Amino acid sequence: MTGVPTRTLLLWCPDWPVLAAEIVDGVPAIGPVAVLHANRVVACSERARAEGVRRGLRKREAQGRCPQLTVVDHDPGRDARAFEPVVAAVEEVAAGVEVVRPGACALAARGPSRYLGGEEPAAERLVEHVAQTCAVESQVGIADGVFAAGLAARVGQVVPAGGTPGFLAGLRVEALGRPALADLLRRLGVRTLGDFAALPAGDVLARFGFDGALAHRLAAGRDHRPLAVRQPPADLAVTADHDEPIDRVDAAAFAARALAERLHDRLAAHGLACTRLGIEAVTAHGQELHRVWRHDGLLTATAIADRVRWQLDGWLSGSTGRPGARPARPTAGIIRLRLVPDGVLAQAGLQPGLWGEVGEERERAHRALSRVQGILGPEAVVTAVLGGGRSPADQVRLVPWGDERLPARPGEPTWPGQDALLAPVEPAGSGRAVGSGGAIGSGGAVGSGGAIGSGGAVSSGRAVGSGVPPWPGRLPPPAPAVVLPAPLAATVYDAVGEPVGVSARLQVSAAPARLVVGTARPVDIVGWAGPWPVDERWWAPAEARRRARFQVCLADGAALLLAVEAGQWLVEASYD
């Protein structure tokens, strides 16, 4: 490991986890903000530091020093996503960028310094370009090697060539980024990088091991790690310009198919497949239209063409396929159409199995359902996605076939057998939710979620396994088999024929004994459990909702989920 370290330029964005939280989640970085991981502060804003918050503090101590502190959970994925535009902005000025970590990127200083008139002008140009393009403040350091350039960026300094050892000599050993080693060196009386670098290399290796020997080389300015240059992504978007504006759906569908095949061929040439498609259009009057379509599988050429046709149909006809929703029609025909593969992945997963056509049945079903969508529209075929919520209706979201299967609410359902559940295809608007089919017997016994007896005792039915906390007030399992699209009005009577009510303190006026649904004949209740109270969005009076739910077993063998709200009993669902 001999030779001279590469002259390196490193761009650093201070407090990047805080800025990423502002960019992605809208948390104002100008206020006191702290990013926590494992209950300790890993980054904080300038105002938080002014209040005494420091990295490494526990959450309670940080909040004690700054009571108005805004706490944000550490999310490396969020930091990386927010930093990508900054890296792209740097690549517009200089090539060969390496992402050191979210918030810091490095490149060889020789190229930018030669065509921008020197190292200091290159640093100023990068800082200015990032500020204008991304509205992000940054600092640049230039030195021999990535390690020294990162420390120089902290103070915005350009270290002269050959002056890196002298620059490092006065820094404290904490700059190595190895807390355990720094603590040991301090106790041995070695307090600066210069003192550490002056120790014999053989003795350092024998006393501190390989990692200590590597830190010893960094302290001496002998950083020979080559830059891992990031290759800019290939431009995979396809564009079609039309001399005659397209204002008819049939002409748009023809243009969409040709453009979709071009995009699919370009992706296939790179061994990629599209999972998220951006559709952009420009009209003759300069109006710009943009929409992103997500997909749970891999978009084939036909699937891409269908989605482009659906979107153009929505734009040109002024309809999204939903009754009552008609956005404004474009003021002129479309003269430019562009498809952008916003999400791609390697296409290796599309290959069939070695000893058989693994997944062929699923692909055949996918093609058939996609053809139905092509005829009837994207929302004609939907699947159920399970998520969080307090009632069965809240936990189910119907999404069009092939779209990204994201739950409407965070959290995982507690239904038994959910991992093996295959969401069935239902017609749009059916309002049905399919659960695990847990049974409630006529004697009042419930499945794994707990036992229902005449006295109304039920187990807690808490969620386990996923690490996602349960929704307060949610129903215990088993889940209902059928959720009614519209609850049915009902009346519950006690043994003497008086209506049963529930007080504000959740006191049942009498034991439920008889149920009347609509105009049907009364049916005796042989077992019941509840109430489970739900008091939702009490802070928003227009959206507040307060109700109590019951499970009941009837003499005819049926088991129902009831709710009482504003004094009115409702049948929400039934069990198998």
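Helices (H or I, at least four residues) and strands (E, at least two) are DSSP runs, numbered from the N terminus. The model described here is predicted, so that local features need pLDDT of at least 70 and side-chain atom pairs count only at pLDDT 80 or more, while totals for chains, interfaces and linings use all residues. Residues are numbered from 1 along each chain as its sequence is written, and side-chain values use heavy atoms, with hydrogens and water left out.

The protein chain contains 15 helices and 20 strands. Of its 576 residues, 41% count as buried, where buried means under 20% relative accessible area, exposed over 50% and partly exposed in between, for a 1.4 Å probe and protein chains only. Contact means heavy atoms within 4.5 Å. Among contacts between residues at least 6 apart in sequence, 56% join residues at least 24 apart.

Most residues other than glycine have a negative phi. Ala566 has a positive phi of about 55° although it is not a glycine. This alanine, Ala566, lies in the loop between β19 (559-565) and β20 (568-575), and Ala566 is exposed, its relative accessible area being 82%. Asp15 also has a positive phi, near 55°, and is found in the loop between β1 (7-12) and α1 (16-25). With a relative accessible area of 25%, Asp15 is partly exposed.

Another aspartate, Asp144, belongs to strand β7 (residues 139-144). Asp144 counts as buried because its relative accessibility is 10%. Not counting residues up to four places away in sequence, Asp144 touches Pro5, Thr6 and Arg7, as well as Ala161, Gly162, Gly163 and Thr164. A polar atom of the Asp144 side chain lies 3.1 Å from the backbone nitrogen of Gly162; a polar contact is a pair of N or O atoms within 3.5 Å, of which, within protein, one must be able to donate a hydrogen and the other to accept it, and residues adjacent in sequence count only if both atoms are side-chain atoms.

The helix packing may be taken next. Axes are lines fitted to C-alpha atoms, for helices over the stretch in contact, and angles run from 0 to 180 degrees between N-to-C directions. Helix α4 (residues 76-93) and helix α6 (residues 119-134) pack with their axes 9 Å apart, at an angle of about 130°. The two helices α4 and α6 are therefore oblique to each other, given that angles under 35 degrees count as roughly parallel, over 145 as roughly antiparallel, 65 to 115 as roughly perpendicular and the rest as oblique. On the α4 side the contact involves Pro85, Val86, Ala89, Val90, Glu92 and Val93, which meet Arg125, Leu126, His129, Val130, Thr133 and Cys134 of α6. These residues of the α4 contact with α6 divide into eight nonpolar, two polar and two charged; Ala, Val, Leu, Ile, Met, Phe, Trp, Tyr, Cys and Pro count as nonpolar, Asp, Glu, Lys and Arg as charged, and the others, Gly among them, as polar.

Helix α12 (residues 249-269) and helix α13 (residues 301-317) cross at roughly 145°, and their axes come within 8 Å. The contact of α12 with α13 comprises 12 nonpolar, two polar and four charged residues.

Leaving aside neighbours within four places in sequence, Thr331 is in contact with His285 and Gln287.
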